[in-house]
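User: Hi! Could you walk me through this one with me?

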Amino acid sequence: MSQDVYPVPIEWAEKARVDKAAYDAMVRASLEDADAFWLDQARRLDWITPPTKANESSFAEEDFAIRWFADGELNVSANCLDRHLATRADQVAIIWEPDDPAAEPRRITYAELHAEVCRFANVLTAQGVKKGDRVTVYLPMIPEAAVALLACARIGAVHSVVFGGFSPEALAGRITDCDSRIVITADEGRRGGKTVPLKANVDKAAAHTPCLKSVIVVKATGGAVTMSEGRDIWYHEAAASVPATCDPTPMSAEDPLFLLYTSGSTGKPKGVLHTSGGYLLWAAMTFETVFDYHQGQVYWCAADIGWVTGHSYIVYGPLANGGTSLMYEGVPNWPDASRVWQVVDRHQVEIVYLAPTALRSLMKEGDHLVTATSRKSLKLLGTVGEPINPEAWRWYHDVVGEGRCPIVDTWWQTETGGHMITPLPGAHALKPGSATAPFFGVEPYLLDPEGKRLEGKAEGNLVIARSWPGQMRTVWGDHDRFFQTYFTTYPGYYTTGDGARRDEDGYWWITGRVDDVINVSGHRMGTAEVESALVLHEDVAEAAVVGMPHDVKGQGIYAYVTLNAGVEPSDALRKTLVQWVRQEIGPIATPDAIQFAPGLPKTRSGKIMRRILRKIAEGDTSAAALGDTSTLAEPAVVEDLVANRVG
Ligand code: 6R9
């Protein structure tokens with residue numbers, strides 16, 4: 001374990017919103033007098049009817065429910081826009097940095113954003129969208145993406161953003177699952193100098209989505225698209241004839257705000273549902289506290305809006321605080337690996353929030369690309385999405401931040417709505433690679449496989465013992481799956497699916513997933529999802545997918561494939577299968593290695609022994625690593641797998 005400790009810089013201890021004493025006091029209050037603490041915190045939001053109750057949740061089967069602030073009423077878009085108009089109408093809400101460094105950035109003030117959101121909301125209403133309807137959003141990283149989300153929130157529609165890198169097949173599955181009648185898309189997206197045919201993808205998806213009735217198309221690149229009469233409309237045309245005002249719809253705190261599909265251990269991605277009051281409070285509070293955000297600071301989260309990080313920390317958290325959120329259309333290493341730092345200089349970014357995979361890919365291109373830029377504006381650095389290796393952490397700290405910026409390594413999940421375990425920059429000395437300490441109201445434990453709580457220095461399964469306002473409320477259309485997935489492994493706890501350890505100083509270290517989810521470039525991928533895609537191919541009899549270590553991506557995808565009788569393995573078939581998976585799910589699911597296997601190691605009861613497959617993919621093929629193979633139905637299978645390992 002790394003023993004480096006980076007103390008809280010003096011100016012941070014003195015000036016930050018939360019110092020160590022305040023952190024300790026607030027943690028205590030949040031756990032010992034939780035309802036009073038949360039009703040007090042709820043005053044961060046503008047309520048139409050302030051809540052009188054805080055937590056009414058239970059993780060127990062007999063009265064299972066996640067409920068917060070249930071008698072409160074508010075509108076999320078009004079909290080992100082209207083309430084700022086009196087004091088900061090002309091302040092920039094969104095800075096948009098286009099993919100092409102030569103193109104002009106856009107600066108959108110709160111007044112302008114408010115007007116645009118109202119227009120978009122009116123267009124949605126004109127299309128027949130009503131409170132509670134699901135609206136699928138399949139957009140590139142353009143300001144209209146934030147506008148579309150807030151427009152849904154304004155009229156009480158439930159947005160379901162699908163990452164622009166997902167294939168038409170994946171998009172169709174998500175449209176159908178939530179019975180979405182409308183999709184918001186763009187002609188094309190732009191990323192790293194390439195175009196993404198979003199509208200064409202929607203057209204392909206539409207062939208499998210009878211529920212889909214209308215498509216709103218934002219003109220982003222001006223590329224040619226086919227418009228289908230009676231189904232497709234241009235946003236700019238529809239927006240020209242609607243007013244720039246729209247009253248926000250009053251919503252119960254527990255009315256749904258959005259759905260976001262995420263991967264789990266089973267083949268089918270699940271629609272994680274978040275509601276209005278608790279989610280917004282969690283996003284707003286963690287944003288302000290963890291990033292120590294102060295008015296006027298330019299903040300940049302480089303995630304895509306297609307992931308939860310983009311929801312909570314590009315749109316809802318920053319805007320609920322009246323902040324200035326930079327939105328970047330492109331990728332970190334285009335045109336070259338200094339782009340991120342050039343953008344920092346160009347817009348005088350003070351807080352930057354990146355994924356470790358991006359840092360590793362920039363780090364390997366050399367320090368000169370960083371040191372050629374100023375970065376004097378930077379004050380705080382953040383990471384999210386996967387464990388950060390201490391080497392990348394130190395590079396971020398020493399080279400990017402020149403040793404003067406604390407790093408907040410924020411552990412959380414789509415399901416948690418916002419940060420759960422993270423340092424606070426004014427309160428915690430930092431250890432490279434440690435997510436550090438629970439946020440207010442978060443009560444984590446480490447459990448052994450039998451469910452016994454581990455005390456002190458220990459490693460085990462990370463669970464949370466009580467609800468917090470940002471917790472997901474259900475899996476869309478399958479409340480039982482929600483309960484089964486998260487609350488039955490260890491009854492009485494929310495099971496995160498991650499492993500963690502606590503060191504002798506009480507610091508938390510996330511060790512990675514303990515289920516069949518792998519983390520590729522900070523993106524969650526269910527191994528079962530990739531397996532389902534592979535077995536759809538006519539030549540594939542069976543497939544087993546595991547993670548393998550990858551220098552830049554963190555984890556890569558390693559697939560063992562058994563072919564149908566009579567089909568010969570070949571490099572051409574390997575390429576075909578890689579292409580096949582990209583087409584079924586999207587480029588983020590591209591297998592890094594495919595090993596043709598005459599058989600897979602199975603127990604006599606037919607269960608695939610993934611532990612062995614993981615070890616082989618990791619290249620650890622010693623007898624000690626593979627363990628006892630005598631219980632296998634056909635022990636010889638393992639020898640063949642070891643001999644023909646790819647990579
Ligand atoms: C926000 C987000 C969640 C999974 C989570 C864990 C991993 C996220 C991390 C981290 C170590 C961190 N993860 N942040 N692991 N340190 N700071 O990424 O949500 O896409 O749902 O992924 O990502 O394994 O369980 P999501």
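User: Which ligand atom does a backbone N or O atom of P387 lie 3.4 Å from?
Analyst: A nitrogen atom of the ligand. That is a polar contact, meaning a pair of N or O atoms within 3.5 Å. Keep in mind that this is a predicted model, where local features need pLDDT of at least 70, side-chain atom pairs count only at pLDDT 80 or more, and totals for chains, interfaces and linings use all residues. Residues are numbered from 1 along each chain as its sequence is written, and side-chain values use heavy atoms, with hydrogens and water left out.

User: And what does D409 do there?
Analyst: One of the polar side-chain atoms of D409 sits 2.7 Å from a ligand nitrogen atom. The protein buries 97% of the 530 Å² that the ligand exposes when taken alone (accessible areas by Shrake-Rupley, 1.4 Å probe).

User: How many residues surround the ligand?
Analyst: There are 17, counting a residue if one of its heavy atoms lies within 4 Å. Among the closest are T410, D498 and R524.

User: Switching topic: what is the strand order in the open sheet of five strands?
Analyst: The order is β20-β19-β21-β23-β24, with antiparallel pairing. Strands here are DSSP runs of E, at least two residues, numbered from the N terminus, and two strands pair if DSSP finds at least two bridges between them.

User: Why is one side of β20 and of β24 left without a neighbour in the sheet?
Analyst: Because β20 (453-454) and β24 stand at the edges, each with a single partner strand.

User: How many bridges join β21 to β23?
Analyst: Six, between residues 458-464 and residues 494-502. In β23, Y494 is the bridge partner of I464.

Terms used:
A polar contact is a pair of N or O atoms within 3.5 Å; within protein, one must be able to donate a hydrogen and the other to accept it, and residues adjacent in sequence count only if both atoms are side-chain atoms. Helices (H or I, at least four residues) and strands (E, at least two) are DSSP runs, numbered from the N terminus.
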